[in-house]
Amino acid sequence: MTETRIERHHYDVVVIGAGGAGLRAAIEARLAGKKTAIISKSLFGKAHTVMAEGGAAAAMGNVNSRDNWQVHFRDTMRGGKFLNNFRMAELHAKEAPQRIWELETYGALFDRTKDGKISQRNFGGHEYPRLAHVGDRTGLELIRTLQQKIVSLQQEDKQEFGSYDARIRVFSETTITELLLDGDRVAGAFGYYRESGEFVLFEAPAVVLATGGVGRSYKVTSNSWEYTGDGHALALRAGATLINMEFLQFHPTGMVWPPSVKGILVTESVRGDGGVLKNSEGKRFMFDYVPDVFRKQYAETEEEADRWYTDPDNNRRPPELLPRDEVARAINSEVKEGRGTPAGGVYLDIASRKSAEEIRRRLPSMYHQFKELADVDITKEPMEVGPTCHYVMGGVEVDPDSGAAFGTVRGLYAAGEVSGGMHGSNRLGGNSLSDLLVFGKRAGGHAATYTDQLTTRPAVSVAAVEAAVETALAPLQRDTGESPYQLQQDLQVVMGDLVGIIRREGELADAMRRLAELRERVAKVSAAGGRRYNPGWHLALDLRNMLVVSECTAKAALERQESRGGHTREDYPAMDPKWRSVNLVCSLDGDAVRLTHKPLPKMRPELIGLFDRAELAKYLTDEELAEFDALTEEANN
Amino acid sequence: MGSKRQFRIWRGDETGGDLKDYTVEVNEGEVVLDVIHRLQATEAPDLACRWNCKAGKCGSCSMEINGKPRLGCMTRMSTFEESETVTVTPLRTFPVIRDLVTDVSFNYEKARETPAFAPPADVAPGDYRMQQVDVERSQEFRKCIECFLCQNVCHVIRDHDENKPAFSGPRYFIRAAELDMHPLDARTDRREYAQSDMGLGFCNITKCCTEVCPEHIKITDNGIIPMKERVVDRRYDPLVWLGNKIFRRGQVPQTSATSGHSSGAVTSGGAHGGAHAHGGGSHAGGVHSHAGGSHDSAAERQAQQGVNWHREVPHPTAPAVDANGKLPLTELTFNKAAAPSPFGDDVTFPLPPEHLNFAHPQQDEPKH
């Protein structure tokens with residue numbers, strides 16, 4: 001292998017992923033004075049964050065002054081069905097406003113209120129208007145702002161050191177295939193340039209994973225090709241652990257027609273701005289699907305729901321704005337019972353509720369998306385929508401304050417979608433953009449601090465690099481295996497059909513068997529062509545990651561015998577308080593996925609005291625409730 | 001209900017390549033990118049093509065479809081005739097890496113050269129106050145998804161690599177305009193900078209960039225023209241000019257674009273920008289040329305390969321000038337937003353290559 005050319009770089013902090021979390025982490029590491037590399041799987045500024053439409057949730061109280069971090073914390077815990085890591089939810093609610101305001105100093109231009117502050121909009125699961133937004137392209141604004149902040153830091157470095165790349169450099173179209181360790185410490189990352197196929201080795205004592213999610217393992221997904229669970233798999237192989245992998249969010253409203261755009265997102269703001277869901281009989285069906293735990297907060301009649309848009313203080317919210325998992329399940333069962341549209345979705349109607357001009361102004365990119373992709377004018381006719389795989393709540397188990405990965409590895413950090421715990425069993429819309437900023441900053445900062453504490457720099461072993469080269473080249477050298485495209489399709493069928501929205505024990509067990517077969521086939525995959533910008537080869541290398549992450553999801557879904565948030569078991573349709581206190585933790589044992597139970601950290605008294613006893617009673621076990629009662633009694637005495 | 005359609009896709013790398021024919025199944029509602037994905041999954045697994053969101057939001061899948069720069073994900077197959085052969089080629093302005101993938105690093109270099117947002121010194125985070133009407137002007141430009149189709153279609157650099165060093169392109173003109181219109185940006189020299197360092201003067205407002213923008217940003221009308229007009233305002237206001245002279249007020253480095261050259265015509269910024277590459281050659285006739293007068297005949301010849309230059313080409317005419325050797329009009333008084341197009345005002349862009357009829361007047365003259 002000595003003849004293989006490998007480009008070498010030395011950095012203090014390597015950030016894998018150039019979406020919101022990665023860029024925010026890199027900014028922080030660079031501000032801490034560290035030499036920082038950003039690895040981007042596609043071009044700089046194209047990351048999946050651009051797809052986020054609705055906004056970034058932060059309790060700034062600009063629109064309704066009653067909003068504050070406690071209310072946001074409560075909404076987040078409620079949305080996640082109390083499975084969230086409470087400390088992450090707390091930090092997130094407290095720090096989100098500062099992270100949003102900070103973006104304005106980087107040049108972001110959010111929509112404004114009348115008094116010139118950042119405007120905030122309503123969104124599913126949020127008690128008050130809370131989402132800072134820019135029309136329906138908030139994610140684009142966020143990524144562009146961070147991208148331009150990095151450019152501005154590079155311009156400072158250019159002045160000081162004469163080179164833009166002196167302290168922060170973006171490696172675009174570069175994929176990392178392995179993390180390299182020195183004992184239990186991160187020593188570097190190995191990968192290839194997509195453009196040339198040449199290998200590249202980053203020697204760095206700290207790595208921040210910010211690789212996003214896993215949606216490409218599903219047939220109907222809003223995620224781009226990049227979402228192959230790279231960070232999840234890299235963490236596992238480096239000795240870190242994953243939690244909550246059974247929880248996947250299916251966004252209730254993806255486009256279902258035409259087939260080529262199946263899965264592409266229709267923002268929740270359509271519903272926040274007055275859009276309603278109707279079945280083929282024209283019935284506004286969401287009123288039939290308000291679960292008991294939410295009964296108090298949601299309107300019971302169409303009249304009350306409609307009044308809410310103009311008078312939210314004296315009316316309850318329309319049920320279209322229930323958390324995403326509830327809406328997705330409702331649509332799923334309407335379609336199943338034969339009340340769906342011809343293309344297998346339901347109607348999302350805003351045309352009959354708002355003027356054409358207002359729709360175009362409030363939802364410009366939705367208007368264009370439907371006009372240009374589907375030839376549908378949403379100011380005239382309803383959209384056809386259905387659930388689409390959107391977000392994975394599960395991810396790398398991290399220390400809530402620092403983002404450091406648990407497990408046996410040191411020097412590994414994770415932020416954003418690739419990390420787990422923050423969103424519990426279900427993420428609220430708008431919480432991911434603020435999650436990226438809050439925990440991106442934390443992970444970047446703590447990674448920088450970690451490198452300061454090291455006395456010796458971990459060293460990359462030659463053998464590990466040679467092994468990585470061999471693994472990467474293997475698909476090109478085989479010509480007997482199957483096409484990576486075929487394997488991906490088969491994987492998507494298994495995950496979509498057997499580990500989808502509604503899950504059953506028998507199907508999950510079947511999925512495990514099929515994934516085991518796929519594992520053998522993936523090990524023998526071959527890619528035609530050379531190393532230069534060869535998408536077939538790239539996919540062949542990604543498959544390995546998609547597979548191990550899918551195994552984690554299937555295994556955890558089989559284990560968790562209840563329905564909660566993004567995990568619905570037909571054979572265990574109810575939430576079970578006993579399962580609320582358990583996280584399922586995945587790790588690697590050799591090649592195989594090992595699953596263990598781990599108790600959730602206990603919420604601090606002042607935080608649990610923010611909730612009504614009546615509400616807690618729906619989630620907690622009797623013992624936990626007794627403990628809560630003892631606490632309140634103590635406080636009253 | 002799929003039907004078979006004919007495709008021609010450019011395959012190759014920087015050493016060369018050619019159009020390959022494919023017959024592919026196309027189903028109802030599909031876009032060009034779907035067809036490329038089907039080809040990858042079937043007969044051309046290593047066909048290189050960038051894409052990400054597949055919803056017109058990320059600007060990755062830029063390509064030229066039947067000669068027109070477009071996003072593959074936003075070009076519905078139903079816009080073509082059943083019998084029509086669809087030709088897909090890589091962006092022409094940037095060097096090919098492989099197949100439909102080009103090296104767009106030019107744009108990222110220009111992005112790095114464009115001065116970043118300068119936060120107001122005395123406003124704390126959280127205290128920013130702006131009115132919706134005031135942010136909306138900049139927000140239009142922040143819709144940009146950086147697909148670089150405007151950069152690709154811009155004839156200042158399309159087939160003119162030699163202009164690239166001095167010219168940032170429409171994408172970065174609207175970046176400058178966005179910051180210029182930002183209610184709280186602390187820098188005041190965005191327009192002058194665009195003129196003196198970004199090559200704004202090269203642009204002769206043919207609006208090709210606006211035409212191809214998938215986000216429908218009015219690049220020329222709302223971005224470039226206001227920038228040009230404001231530069232003119234400042235330079236022609238004698239009081240401002242005098243004030244600057246006396247009090248040395250302009251924060252801008254004193255360049256020919258801002259120091260009030262009495263001879264500076266409206267579009268002289270073009271010649272000025274070109275001067276970097278050209279040793280300050282004076283180009284009275286080149287002022288209105290589409291490339292600002294920085295032609296390199298070797299590069300020109302190279303660009304001409306593939307075009308039939310032996311057919312009859314109308315001789316370029318010099319603009320009519322008045323007694324002082326100046327054009328009798330400025331952008332302010334002209335009935336159009338810019339000088340007449342050297343291609344003729346009735347020509348729409350992009351031109352099919354075989355119809356190209358423009359050659360620089362001095363292309364064959366010896367260099368000086």
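## A parallel sheet in chain A

In this predicted model, A:Val13 of chain A stands opposite A:Thr36 in S3(A). The two strands concerned, S2 (residues 13-16) and S3 (residues 36-39) of chain A, run parallel and are joined by 4 bridges; strands here are DSSP runs of E with at least two residues, helices are runs of H or I with at least four, and both are numbered from the N terminus. Two strands pair if DSSP finds at least two bridges between them.

S2 and S3 belong to an open sheet of 5 strands in chain A, with the order S7-S3-S2-S11-S18 and parallel pairing. Its edges are strand S7 (168-171) and strand S18 (412-414) of chain A, each of which pairs on one side only, and from one strand to the next the twist averages 20°. Helix H11 (residues 431-453) of chain A packs on this sheet, touching S2, S18 and strand S11 (206-209) of chain A, and its direction makes about 165° with that of S11(A). Such angles run from 0 to 180 degrees between N-to-C directions, with axes as lines fitted to C-alpha atoms, for helices over the stretch in contact.

## Packing of H1 and H4 in chain A

Helix H1 (residues 20-31) and helix H4 (residues 138-161) of chain A pack with their axes 9 Å apart, at an angle of about 25°, which makes H1(A) roughly parallel to H4(A) (angles under 35 degrees count as roughly parallel). Among the residues that meet are A:Leu23 and A:Ile27 in H1(A), and A:Leu146 and A:Ile150 in H4(A); contact means that C-beta atoms, placed from the backbone, lie within 7 Å. By class, the contact of H1(A) with H4(A) has 8 nonpolar, 2 polar and 3 charged residues (Ala, Val, Leu, Ile, Met, Phe, Trp, Tyr, Cys and Pro count as nonpolar, Asp, Glu, Lys and Arg as charged, and the others, Gly among them, as polar).

## Contact between chains A and B

The contact takes 52 residues from chain A and 45 residues from chain B. On the side of chain B that touches chain A, the elements giving two or more residues are helix H1 (32-41), strand S6 (96-98), helix H2 (105-113) and helix H3 (132-142) of chain B, with H3(B) giving the most, 5 residues. The residues of that side divide into 21 nonpolar, 11 polar and 13 charged.

## Conventions

Residues are numbered from 1 along each chain as its sequence is written, while chains are lettered from A and ligands numbered from 1 in the order in which they are written. As the model is predicted, local features need pLDDT of at least 70 and side-chain atom pairs count only at pLDDT 80 or more, whereas totals for chains, interfaces and linings use all residues.

How values were computed:
Contact = placed C-beta atoms within 7 Å. Parallel < 35°, antiparallel > 145°, perpendicular 65-115°, else oblique.
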